[in-house]
Amino acid sequence: MSKTVRYEVDLRNLPPLTDAQKAEIEALAAMSEDQIDTSDIPPLADAFWKSAIRNPFYKPTKTATTVRVDSDVLAWLKSQGKGYQTRMNAILRRAMLAEIERTNPHRK
């Protein structure tokens with residue numbers, strides 16, 4: 001029988017860094033990229049990314065909001081049937097991901 005251990009971290013109230021952790025961060029920040037030892041990290045070939053999928057357990061939280069949308073845009077969304085808010089979210093998500101890729105093309 002395996003027991004699952006769960007830890008909850010309050011990102012707004014993290015414990016302070018120790019002096020040793022601060023020193024390590026400062027030392028890493030002072031190094032150039034080629035001085036950092038990454039030999040324990042296996043390289044990921046393009047084939048890895050071609051078969052990679054988003055975490056199937058990831059589900060972003062939803063936030064209720066009020067937005068002002070042009071009437072013709074809303075009519076168009078609603079004309080496609082039930083689920084216009086889901087379609088609107090999908091359109092916005094595609095735009096968001098395209099912008100992230102455009103501004104940071106190396107992010108995977």
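This is a predicted model: local features need pLDDT of at least 70, side-chain atom pairs count only at pLDDT 80 or more; totals for chains, interfaces and linings use all residues.

Trainee: What makes up the secondary structure?

Mentor: The protein has four helices and zero strands. Following the sequence, you get the pattern α-α-α-α.

Trainee: How do you know that the protein is more spread out than a compact globule?

Mentor: The rule gives 13 Å for 108 residues, and the protein comes out at 22 Å, well over that, so it counts as more spread out than a compact globule. The C-alpha atoms fill a box of roughly 60 × 40 × 35 Å along the principal axes. As for burial, 2% of the 108 residues are buried.

Trainee: Why is helix H1 said to lie largely in the open?

Mentor: To be buried, a residue needs under 20% relative accessible area. Of the 12 residues in H1, the number that qualify as buried is zero, so the helix lies largely in the open. Glu26 has its place in H1, and at 57% relative accessibility it passes the 50% cut-off, so Glu26 is called exposed.

Trainee: How do you know that the length of H1 agrees with its residue count?

Mentor: H1 runs over residues 19-30, and at 1.5 Å a residue its 12 residues should span 16 Å. The end C-alpha atoms are 17 Å apart, which agrees.

Trainee: And how far is Glu26 from Asp40 in sequence and in space?

Mentor: They are 14 residues apart in sequence, and their C-alpha atoms are 21 Å apart in space.

Trainee: Why is the pair of Phe48 and Trp49 called edge-to-face?

Mentor: You describe a pair of aromatic rings by the distance of the centres and the angle of the planes. The ring centres of Phe48 and Trp49 are 4.9 Å apart, within the 6.5 Å limit, so they pair. Their planes stand at 85°, over the 60 degrees required, so the pair is edge-to-face. A search of the whole structure turns up one aromatic pair.

Trainee: What makes Lys78 count as lying over the face of Tyr84?

Mentor: Part of the test is distance: the limit is 6 Å from the ring centre. Lys78 is at 5.1 Å from the ring centre of Tyr84, and it lies over the face.

Trainee: What makes the contact of Asp10 with Arg12 a salt bridge?

Mentor: Nitrogen and oxygen have to be within 4 Å. Here the side chains meet at 3.7 Å, N to O. Asp10 is partly exposed at 37% relative accessible area, while Arg12 is exposed at 79%.

Trainee: How many salt bridges does the structure hold?

Mentor: Two. Arg102 and Glu99 also meet in one, at 2.9 Å, N to O. Both residues lie in helix H4, residues 84-103, and sit three residues apart, about one turn of the helix.

Trainee: Why is Arg102 called exposed, and what is Glu99 called?

Mentor: Exposed means over 50%, and Arg102 has a relative accessible area of 58%, so it is exposed. Glu99, with 37%, is partly exposed.

Methods
Residues are numbered from 1 along each chain as its sequence is written. Side-chain values use heavy atoms; hydrogens and water are left out. Rings of Phe, Tyr and Trp (its six-membered ring) pair if their centres lie within 6.5 Å; planes under 30 degrees apart count as stacked, over 60 as edge-to-face and the rest as tilted. A charge sits over a ring if NZ of Lys or CZ of Arg is within 6 Å of the ring centre and within 35 degrees of the ring normal. Helices (H or I, at least four residues) and strands (E, at least two) are DSSP runs, numbered from the N terminus. The expected span of a helix is 1.5 Å times one less than its number of residues. Buried means under 20% relative accessible area, exposed over 50%, partly exposed in between (1.4 Å probe, protein chains only). The radius of gyration is taken over C-alpha atoms; the globule rule is 2.2 Å times the number of residues to the power 0.38.
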